[in-house]
Amino acid sequence: MSDMLKIGVLASGRGTNLQSIIDSIESGKLAAEIKVIVSDRENAGALIRADKYQITNHYLDLGKYLSRLEFEEELIDLLEKYNVELVVMAGFMRVLTPHFINHYRQRIMNIHPSLLPAFPGLNAQKQALEYGVKVTGCTVHFADEGMDTGPIILQAAVPVKENDTVESLSRRILKEEHKKYPEAIKLYSQGRIVISDGIVKIKNCVG
Ligand code: GRF
């Protein structure tokens, strides 16, 4: 059991992606352990889910720190304390500084509700609707210093319908997010993700 991947989840919101990871672990599909869940919002749904499953969780109040760097130092200390190997951003609404990125280089995953590099940043679904694309989707990628940049691990395409609203499109994308995030973490836990020149390749299973 001790060779299970140790995950730390960062979440600011309702935490449905967190839930999909918890569900995959509980059903035995994903051999990993969520060691700690950290939120920058006190009332995040993600923290309620953490309590429900008795997963260690912390609220870090950014307002308490003098700088973002100080906040991240505390975050790093916390993740280190629980020997976190992979940091999973699941609706975490803060951009991490190069200091944090360097510390966990290629060990931080993020999920974004578009087919990156299209529509990075906030309101990706609204951006897709306003642009008029006919296909959008979701992307799981390693986080780097940029906004929703970094090596792409998995993507899923989702059709945009003519009568879609931000809500209906978001729901359709979210369903795919809930499949792709656990899948990407599983690939990582199996040591099957290789990054070369910024490009991810997925190794086949041995045996
Ligand atoms: C998701 O759409 C994710 O792609 C984006 O933030 C949202 C988080 O949703 N980064 P939830 O908190 O996991 O339900």
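This is a predicted model: local features need pLDDT of at least 70, side-chain atom pairs count only at pLDDT 80 or more; totals for chains, interfaces and linings use all residues.

User: How many helices and strands are in the chain?

Analyst: Both are DSSP runs, numbered from the N terminus: helices are H or I with at least four residues, strands E with at least two. The chain has six helices and nine strands.

User: Why is the chain called as compact as a globular protein of its length?

Analyst: The globule rule is 2.2 Å times the number of residues to the power 0.38, and the radius of gyration is taken over C-alpha atoms. For 207 residues the rule gives 17 Å. The chain is as compact as a globular protein of that length because its radius of gyration is close to that, at 17 Å.

User: What share of the residues is buried?

Analyst: Buried means under 20% relative accessible area (1.4 Å probe, protein chains only). Of the 207 residues in the chain, the buried share is 46%.

User: What does helix H6 reach from its first C-alpha to its last?

Analyst: H6 covers residues 166-189, 24 residues in total. The expected span is 1.5 Å times one less than the number of residues. That gives 34 Å, and the helix reaches close to it: 34 Å.

User: Which residue just after H6 takes a positive phi?

Analyst: The phi there is about 65°. The residue is Gly-191.

Definitions and conventions:
Residues are numbered from 1 along each chain as its sequence is written. Side-chain values use heavy atoms; hydrogens and water are left out. Buried means under 20% relative accessible area, exposed over 50%, partly exposed in between (1.4 Å probe, protein chains only).
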